[in-house]
Amino acid sequence: MTAHQQVSVDDAADRLLARLHRPARLLVAMSGGSDSTGLLVALARRRVAGVEVFAVTVDHGLRPESAREAEQAANLCRGLGIGHATRRWIGDKPSTGIAAAAREARYRLLCAEADELDATAILTGHTLDDQIETVMMRAARRCDPNAPGLAGMADAVLLHRRHWLLRPFLQTAREAICDYLRAAGHGWIEDPSNINPASERARTRMALAGSSPLSPSEIEAAACERTRLADAAAAWLDHHAQVRRGVLMHVAPEGLHGDPAVLRYALSTSAAVLGGREQGPSADVMGRVLQACREPATWRMTAGRVVFDGRRSGLYLCRETRDLPPLAVTADTAVLWDGRFRIVPSLVSEALSVPPILRQAAMGLFPGVPSSVAMRAAGSLPPCCSTEGHSRGLACTPILAPFDRFLPQFDHNLASTLAKLIGCDDFPAVPFADSVRKR
Ligand SMILES: Nc1ncnc2c1ncn2[C@@H]1O[C@H](COP(=O)(O)OP(=O)(O)OP(=O)(O)O)[C@@H](O)[C@H]1O
């Protein structure tokens, strides 16, 4: 790696602080390893008005040393004058898939700490090296060169639909962070699982040691391209797409003739959201959708639980009505239905069974829409929606399905545009002041 293409530790910290909305309360996810220690030290050295910094360490309890390491992290924070908490992963741990389970638990515990602190964002120490490894792992697993995920991790993603996770070191090399810490007189913990060949990441890391097949500038170009596409897709959606009642997207005909890469990205992410899934349809299906968009004829295709319906009046996207799950609401807990709606009981005494929405009523709910499309859209509403489109005794809020879990490939502008389009009103504000579209 050549030094001039990377961002130094100091520049990365300065850039982050300059971008943030203030006041901000940052929670650094501090493993005690070099990357998160470097991030914490760099932030601790900058006392910026309106920015508070805290740290949290997750003790997974998987190695005998882990409690001592958490204590070391706490001591370091004490020395830096930064508030620190340790969260322990307790309870049953699976015998297989432990790395994935630990990761799930870690993100759950980070969110719990962020809730308690009312943090603006959680920060991790993911580095350029992690980014290269991620790209290589994805390239090895998937063969679709157009998949946005191949461009690696985004610098801002949502965790569990609640907290922004920021990765300020994505363009900073691990070696530069280690040098920074050595110069500052700080040590760090080496995690033995980073060199355990049982882990895919460790194997990739070892295979890449000393010779990365991708240069930092190639990685950066891929990440820039992904950001460009995501921003262009957000702008395209802003101009050309409308979503009614959280379920039916309409794209005006003139919107279908733009840059195919942008159209593909926008339609694929929209399909993920409207289909209540974590990902859009596969690349070859999206290729066929794009080709069909260029044809003047009427066409229909179902992919990733979403029906794409091409008409003279434009393109309609809507969840197919096959395989919709039943709705089981309990007295006082919110349920997620079909990955698309959060349903909260408000007047539990009201009846849950609502008669199916008939053609006439469907057309009233979706005026100006071809009747078969309106019927499908009505049929894809939560089963508690009445012919007036209101839910009886229940509050239904559309959600951004991909954000129920941690997904690295959604950029924040695109996410907030989609949230606004579907009417998802609990989408957390983007923490950056330089966000392209402020909402
Ligand atoms: N035990 C921990 N406690 C707090 N934060 C942690 C812990 N482990 C990892 N992190 C955070 O996650 C970042 C990435 O760590 P690491 O590369 O080990 O995890 P990963 O499994 O590759 O991450 P991810 O699961 O997000 O891909 C660290 O820099 C740190 O900010």
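User: What makes α2 mostly covered?

Analyst: This is a predicted model, and in it ten of the eleven residues of α2 are buried. Buried requires 20 or more other C-beta atoms within 10 Å. The residues that pass are Ser34, Asp35, Ser36, Thr37, Gly38, Leu39, Leu40, Val41, Ala42 and Leu43.

User: Which elements do the buried residues of α2 pack against?

Analyst: They pack against the helices α1 (9-19), α3 (66-80) and α6 (174-184). The strands are β1 (24-29), β2 and β4 (121-123).

User: Which elements give two or more residues to the shell around the ligand?

Analyst: The shell has 14 residues, and Ala29, Ser31, Val58, Thr124 and Gly125 come nearest. The elements giving two or more residues are α2 (34-44), β2 (51-59) and α4 (98-117). By residue type, the shell divides into three nonpolar, six polar and five charged.

User: Which residues touch the most other members of the largest nonpolar core?

Analyst: Val28, Ile122 and Cys318 do, in a core of 114 residues. Helix α9 (residues 260-275) supplies the largest share, eight residues. The core draws at least three residues from each of domain 1 (3-214) and domain 2 (228-422).

User: What does Val28 touch?

Analyst: Setting aside residues up to four places away in sequence, Val28 touches Ser36, Leu39, Leu40, Leu43, Val53, Ala55 and Leu123. Each of these contacts puts two C-beta atoms within 7 Å.

User: Why does Ala362 count as buried?

Analyst: Ala362 has 23 C-beta neighbours inside 10 Å. The cut-off is 20 or more, so Ala362 counts as buried. Ala362 is in helix α11 (residues 359-365). Beyond four places in sequence, Ala362 is in contact with Ile357, Ala374, Met375 and Ala378.

User: Why does Thr227 count as partly exposed?

Analyst: Thr227 has 18 C-beta neighbours inside 10 Å. Buried takes 20 or more, and exposed takes 12 or fewer. The count for Thr227 therefore makes this residue partly exposed. Thr227 is in helix α8 (residues 216-240).

User: What stands out in the phi of Arg245 and of Arg305?

Analyst: Most residues other than glycine have a negative phi. Arg245 has a positive phi of about 50°, and phi of Arg305 is near 70°. Arg245 is in the loop between β7 (241-244) and β8 (248-251). Arg305 is in the loop between β9 (299-303) and β10 (306-311).

User: Are these two arginines buried or partly exposed?

Analyst: Arg305 has 22 other C-beta atoms within 10 Å, so Arg305 is buried. Arg245 has 17 such neighbours, so Arg245 counts as partly exposed.

User: What makes the peptide bond from Arg22 to Pro23 cis?

Analyst: Its omega is near 0°. Most peptide bonds are trans. Pro23 is in the loop between α1 and β1.

Definitions and conventions. Residues are numbered from 1 along each chain as its sequence is written. This is a predicted model: local features need pLDDT of at least 70, side-chain atom pairs count only at pLDDT 80 or more; totals for chains, interfaces and linings use all residues. A residue is near a molecule or strand if its C-beta atom, placed from the backbone, lies within 6 Å of it. Helices (H or I, at least four residues) and strands (E, at least two) are DSSP runs, numbered from the N terminus. Ala, Val, Leu, Ile, Met, Phe, Trp, Tyr, Cys and Pro count as nonpolar, Asp, Glu, Lys and Arg as charged, and the others, Gly among them, as polar. A nonpolar core is a set of buried Ala, Val, Leu, Ile, Met, Phe, Trp, Tyr and Cys residues joined through C-beta atoms within 7 Å. Domain bounds come from an automatic or database domain assignment.
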